[in-house]
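Subject: Structure handover

Hello,

Here is the structure for you to look over. My notes on what turned up in it follow below.

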Amino acid sequence: NNEVAVLTDLKSATIRYGLVVGSFTATEPATATLVDMNFFDTGGLHVVTGTTKSVSNQWGGAVTSVPAATSTDAINIKFASVPYSACREIGPKVLNIVKSITIGTATAIDKLTTDPIADINTACGTSGTKDITYSIAR
């Protein structure tokens, strides 16, 4: 449930940041830029500032901004190395917070998908860790 609180905070940060920029582009926002703006200032993430800026999730995986291929109204934030069990639990809980979820290389899943929970469970699998990219709209 910590991840749900983190994503709720990131949704608020995306809305605030979106007020400043016209749209998110293929080069922005960079993770370092977002760190400088305190975008990741939430209790569930570990943020390293200074010359080497980085963010990690509660499982130690990197949290990075993944620029979209074209201008968009959403920021894509990737959480690496999420345990499959957490993936299965978190996915359905955040469908109303995020625009879509991409687990590994699976097709993006949103709340309008025919059976999003089944799709999430399939993409999360039954072992190992998954990289999850959340598309967070402003």
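One term before anything else: contact means heavy atoms within 4.5 Å. This is a predicted model, where local features need pLDDT of at least 70, side-chain atom pairs count only at pLDDT 80 or more, and totals for chains, interfaces and linings use all residues. Residues are numbered from 1 along each chain as its sequence is written, and side-chain values use heavy atoms, with hydrogens and water left out.

Start at Phe79. Leaving out residues up to four places away in sequence, Phe79 touches Glu3, Val6, Leu7, Leu10, Leu45, Asn57, Ala62, Val63, Lys130, Asp131, Ile132 and Tyr134.

The sheet

Helices (H or I, at least four residues) and strands (E, at least two) are DSSP runs, numbered from the N terminus. Two strands pair if DSSP finds at least two bridges between them. Four strands make an open, antiparallel sheet in the order 3-4-6-5. Strand 3 (63-65) and strand 5 (100-103) are at the edges with a single partner strand each, so one side of each has no neighbour in the sheet. From one strand to the next, the twist averages 20 degrees.

Strand 5 pairs with strand 6 (residues 129-137) over four bridges, in the antiparallel sense. Ile101 has Tyr134 of strand 6 as its bridge partner.

Helix 1 (residues 2-18) packs on the sheet and touches strand 4 (74-83) and strand 6. The direction of helix 1 makes about 35 degrees with that of strand 6. Axes here are lines fitted to C-alpha atoms, for helices over the stretch in contact; angles run from 0 to 180 degrees between N-to-C directions. Helix 3 (residues 84-93) also packs on the sheet, touching strand 4, strand 5 and strand 6.

Aromatic pairs

Rings of Phe, Tyr and Trp (its six-membered ring) pair if their centres lie within 6.5 Å; planes under 30 degrees apart count as stacked, over 60 as edge-to-face and the rest as tilted. The whole structure holds two aromatic pairs. Phe39 and Phe40 have ring centres 5.2 Å apart and planes at 80 degrees, so they are edge-to-face. Phe79 and Tyr134 have ring centres 5.3 Å apart and planes at 85 degrees, so this pair is edge-to-face. Phe79 lies in strand 4 and Tyr134 in strand 6, so the pair ties together parts 55 residues apart in sequence.

Phe79 and Tyr134 are both buried (under 20% relative accessible area; exposed is over 50%, partly exposed in between; 1.4 Å probe, protein chains only).

Best wishes
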